[in-house]
Amino acid sequence: MAWQPQEEGLRQIIQLLKESQSPDTVIQRTVQQKLEELNQVTDFNNYLIFVLTKLTSEDEPTRSLSGLILKNNIKSHYENLPPTVTEFVKSECLTAVGDTSALIRATVGILITTIASRGINTWPELLPALCQMLDSADYNVCEGAFGALQKICEDSSEYLEDDRQNKPLDILIPKFLQFFKHSSPKIRSHAIGCVNQFIVQKTPSLMNHIDMFLENLFHLAVDDEAEVRKNVCRAIVMLLEVRMDRLLPHLHDIIEYMLLRTQDPDENVALEACEFWLSIADQQICKEALTPYLPRLVPILVNGMRYSEIDIILLKGDVEEDENVPDREEDIRPRFHKSRNTHGNEEDNNDEDDDDDNLGDDSSLSDWNLRKCSAAALDVLANVFKEDILPILMPILKETLSSTEWEVKESGILALGAIAEGCMNGMIPHLNELIPYMINHLSDKKALVRAIICWTLSRYCHWVVSQPHELYLKSMMHELLKRILDSNKRVQEAACSAFATLEEEATTELVPYLGFILETLVFAFSKYQHKNLLILYDAIGTLADSVGHNLNKPEYINLLMPPLIQKWNALKDEDKDLFPLLECLSSVATALQSGFMPYAEPVFKRCISLVEQTLNQNMANSQSPDQFDAPDKDFMIVALDLLSGLAEGLTTFIESLINGSNTLQLLYQCMQDPLAEVRQSSFALLGDLTKACFQHVHPSDFMPILAQNLNPDHISVCNNATWAIGEIAVKLGTEMQPYVPIILNQLVITMNRTNTPKTLLENTAITIGRLGYVCPQDVAPLLQQFVRMWCTSLRNIRDNDEKDSAFRGMCQMISLNPGGVVQDFIFFCDAIASWINPKDDLKDMFYKILHGFKNQVGEENWTRFTDQFPQQLKERLSTAYGI
């Protein structure tokens, strides 16, 4: 006999479901406790499925809630449920697929796919039953089955493709395709949604029916239902990436269709269609395919960049002054610590992602929308077509920028920013008008216009800085600083971010204006609400990175440090606002050098305390995970990075702080942490301490750990470990010899590996050179294995101490093993020529090696050899070394 509920049990559960909808948190907690107790009752889940599928006397939200609680139980306890319960739940689900309520059907679909995701092969009757229901004359049954199947296609696509399961898709795909022409828009939408799940993987079951799929897809192109049109656009965008060959014959019609759909009255459809332009920009055929359509496409994209009415409402676009309105915590995005740049040779380091192309706006509109997609599409097309897009775009910009409607003007300014990267060369003749236009409009009465101008100006900073200061830089800087103190929080944020970009571009060009800049930034401390305060820390840290030791003047220190230390003292150890503040202080400490000494001790002690607390909590958690939560290791990482900043800035002055502290013991533990970011920051600190106070570093403790972290798959960890080894080698001298065998081979492997990032290659080459400098007899025998890559890696870095010690090492290795460089001597000549101004004794080493080789091979062979040199290389070696 089938299971039946007891009336009293049912009454209790209904009561509990009603209470769980209460907004009172106390009641919510009590309900949660009761639910956990009821999970111990064997047939509790039977009651839940009964309420969902049979208890039609109850309201739909209560029934649906019962199903969602059951879904969570299945997710958490499925393996422990008695087979009688799971079988009952499964059979009830299948009987309720066609419930008359859309909400209940959707909930049943969620339940079915949750069970299926735990092992669809343990429910062999599911797919045949749902497939059969698709043919039901009852709309509710067909729609419910399709809803469940679409969720299964999303969650269990691998199983459906599996040969070992008789490839259910071979039956399902043709079945789905039949429903593309169904009379119900909801069913049509489900059908295309199901098939879309299998496009990107190029599932054979779909590819075998690709012609039928395309035919049916094109049939739906003019569907009245927005959801169907959206799915058609999504399918075409995915097909563009994986089956361009099948779209090519139809490409003209597809582009026409997408031009139309990008203007669809339903913004969701327009957004899906707009993705097409982003995707086609990645295709080789893009330029040829889109050139005839640019005069129509560009205006559509610029039009799509206007704020919609709903955007303006969400952004409170009608609120001009809100600087005194406190931020809501939910408006502040989670803040994650960004580790310090990898150590060692860092110029031209483009391994990091560029932050400035987030299309300039509306961080509170975190969802991808038509405005952002249109701007991104114009950006990528500008990179494809370069200046060729400007004859179409410039008249549009002229019209939009002079519009009296602020929304239109604002969209033109966004477009101007979007094309900056791709069209920079073509824009230069127009910038002498456009830059002053934007600087003047930084005082526009509309806050959203002021904000977008900040972003667009930041995109042209590189050009502005390259011009005489009097022309644009001074006025742009003054106006941006005014906007940093704007009465609108969105403008403050945009101005702060733009100014940080200006700082990165201008670097020491800002030194004459430091007093005025600092006064403004410090005044902002008293003005900013919570969210923008975090961005202000970034702007100050970037300023310190950009102007360096020029910040170390008493008047600047007295302006900057009091508010920073005040914030530092106000924040608790567990407050995540410490992350940006410590990042900022790290840059400031490095820049101020000895000027940071008066603030160093309390900062140092707190960093040590943060590391210690995190390590202790981590140990407690690993021993008693039920009693102690795992720590947030970002606190430890950010503290290690600030200690690095202190060591780099204070240099030998940090010795008094290290002496008598347990810094090195803590560092020893951190270097063995399983989290890569902790090890990365630990090795950076070890290298900085090696430079600042080597007497406290004991290489025998650290070298084996460093050797274990030379895996180039973990780029930043490997980079910092490699750099630290090089720093230790220089300090240790010949005593480095015992450690060479455990590190050299791995360094050579990294050197010769394909696709090793530029910075890692350079640091690996420098460390090999430094090992050759202190232990030439141990490294020279391997010279032939790395000399070519070594030379090509270091030819592009500027003259500095690290390059100096590395080349001295190379010269010593060549003198011990000249045969190791013979085959690649042209690369060594090229590397020598990369030096602008080597020290005299190093230049003498180069001279002796060059002339030694020339004398050994004879004049005739040497002439034949140097005839291969590019003319510039010949001239440089002749001028510098008389050869």
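Student: What makes the pair D135 and K175 a salt bridge?

Tutor: In this predicted model, the side chains of D135 and K175 come to 2.5 Å, N to O. The cut-off is 4 Å between a side-chain nitrogen of Lys or Arg and a carboxyl oxygen of Asp or Glu, so a pair at 2.5 Å passes.

Student: How do you know that this pair links distant parts of the chain?

Tutor: Look at where each partner sits. D135 lies in the loop between α7 (126-134) and α8 (139-155), while K175 belongs to helix α10 (residues 169-178). They are 40 residues apart.

Student: How many salt bridges does the rule find?

Tutor: The count comes to 39. Across the interface of domain 1 and domain 2, though, the rule finds zero.

Student: Then what holds the name "interface" for domain 1 and domain 2?

Tutor: Domain 1 covers 420-551 and domain 2 covers 552-686. The contact takes 20 residues from domain 1 and 19 residues from domain 2. Contact means heavy atoms within 4.5 Å, so those residues count as touching. About 1,700 Å² is buried between the two domains, and carbon and sulfur atoms give 72% of that area.

Student: Which three residues of domain 1 supply more of its buried area than any other three?

Tutor: F525, Y537 and L551, which together supply 35% of the area that domain 1 buries against domain 2.

Student: What polar contacts are there between the domains?

Tutor: Five residue pairs, with both residues at pLDDT 80 or more, are in polar contact between domain 1 and domain 2.

Student: Which helix gives the largest share of the side of domain 1 that touches domain 2?

Tutor: That is α30, with nine residues. Both α29 (514-527) and α30 (530-547) supply at least two residues there. By type, this side divides into 11 nonpolar, six polar and three charged residues.

Student: How do you know how confident the predictor is about the chain?

Tutor: Its pLDDT tells us: the mean is 88, and 95% of residues reach 70 or more. Over residues 346-357, however, the pLDDT is below 50.

Notes:
Residues numbered from 1 in each chain as written. Heavy atoms only, no water. Domains from an automatic or database assignment. Buried area = accessible area lost by both parts, 1.4 Å probe. Polar contact = N/O pair within 3.5 Å; in protein donor to acceptor, adjacent residues only side chain to side chain. Helix = DSSP H or I, 4+ residues; strand = E, 2+ residues; numbered from the N terminus. Nonpolar A, V, L, I, M, F, W, Y, C, P; charged D, E, K, R; others polar. pLDDT = per-residue confidence, 0-100.
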